[in-house]
Amino acid sequence: MTSAGPRIGIFGGTFDPPHVGHLAAAVNVRHSLGLDLVLLVVANVPWQKVGERPVSPAADRLELVRLAVGDVEGLEVDDREIRRGGDSYTADTVAELLEEDPSSEVFVIVGSDAAAGLPTWERIDEVRARSVIVVVDRPGGTWGPPSGWRTERVEVPRLEISSTDLRARVADGRPLDYLVSPSVVSGIERLGLYRDRR
Ligand code: ATP
Ligand code: MG
């Protein structure tokens with residue numbers, strides 16, 4: 001299926017905090033699939049994580065993602081889920097992008113861990129009908145796409161970095177350097193995040 005409009009990737013996350021694993025995935029997917037833009041969409045309320053642990057304020061996570069992305073070509077920070085308020089559903093984000101430009105082709109980018117949870121997403125049928133799912137996987141990974149999905153798989157050397165580990169590092173006083181951008185290290189300090197919790 002070809003489309004004359006822009007090819008837009010949606011890379012959604014809690015980004016609490018954003019790290020180089022996220023950035024490497026985003027730029028490599030953009031390159032491999034020739035996307036015009038990858039939007040880093042910061043979840044307002046990551047409803048599947050609520051109750052598991054405290055989630056940092058959306059405004060703080062948005063600021064960290066802005067610091068992380070800086071002026072990297074083809075990556076853009078997107079705050080529409082925060083402006084929309086309430087629980088964040090990718091189905092709404094896909095619908096909004098297609099309303100803004102019906103000629104666009106939308107790619108929903110997920111890590112292989114998040115891909116396993118796709119069936120639990122709100123209104124996943126809508127997402128499936130309107131977008132291509134892109135799974136970022138380490139070379140040799142074994143994720144098999146469920147039938148009925150339009151999928152792409154992009155191999156990226158998997159960086160074993162998670163926001164969960166980074167929060168624990170701050171709480172323990174261990175360094176974050178080289179795991180997140182230098183500007184994110186300072187941003188986390190300035191905002192006083194993760195010191196007393198994970
Ligand atoms: P947490 O540990 O709090 O769950 P996380 O590091 O998994 O945080 P999320 O904000 O939950 O980050 O993830 C956003 C998206 O980024 C998801 O699709 C997830 O699969 C993907 N992702 C997370 N870490 C990596 C990584 N190291 N490499 C590639 N993709 C990643
Ligand atoms: Mg995660």
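The loop beside the ligand

A: Let's start with Phe-15, which is found in the loop between E1 and H1 (strands, E, are DSSP runs of at least two residues and helices, H or I, of at least four, numbered from the N terminus). This is a predicted model, where local features need pLDDT of at least 70, side-chain atom pairs count only at pLDDT 80 or more, and totals for chains, interfaces and linings use all residues. Residues are numbered from 1 along each chain as its sequence is written, chains are lettered from A and ligands numbered from 1 in the order written, and side-chain values use heavy atoms, leaving out hydrogens and water.

Phe-15 has a phi near 50°, a positive value in a residue that is not glycine. Pro-17 belongs to the loop between E1 and H1 too, and the peptide bond joining Asp-16 and Pro-17 is cis, with omega about 5°.

Now to the ligand. A backbone N or O atom of Phe-15 is 3.1 Å from an oxygen atom of ligand 1, and a polar backbone atom of Thr-14 lies 3.0 Å from a ligand 1 oxygen (polar contacts pair N or O atoms within 3.5 Å). From another part of the chain, Ser-163 brings a backbone N or O atom to 2.8 Å from an oxygen atom of ligand 1. On its own ligand 1 has 590 Å² of accessible area, and the protein covers 89% of that (Shrake-Rupley method, 1.4 Å probe).

Two or more residues of the shell around ligand 1 come from each of strand E1 (7-13), helix H1 (20-33), strand E4 (105-111), helix H5 (112-116) and helix H7 (163-172). There are 21 residues around the ligand, and those that come nearest are Lys-49, Asp-113, Leu-159, Ser-163 and Thr-164 (a heavy atom within 4 Å).

Finally, step back along E1. E1 and E4 run parallel, joined by five bridges (pairing takes at least two DSSP bridges), with Arg-7 opposite Glu-105 in E4. E1 also pairs in the parallel sense with strand E2 (residues 37-42), over six bridges, and there Gly-12 stands opposite Val-41.

Notes. A polar contact is a pair of N or O atoms within 3.5 Å; within protein, one must be able to donate a hydrogen and the other to accept it, and residues adjacent in sequence count only if both atoms are side-chain atoms.
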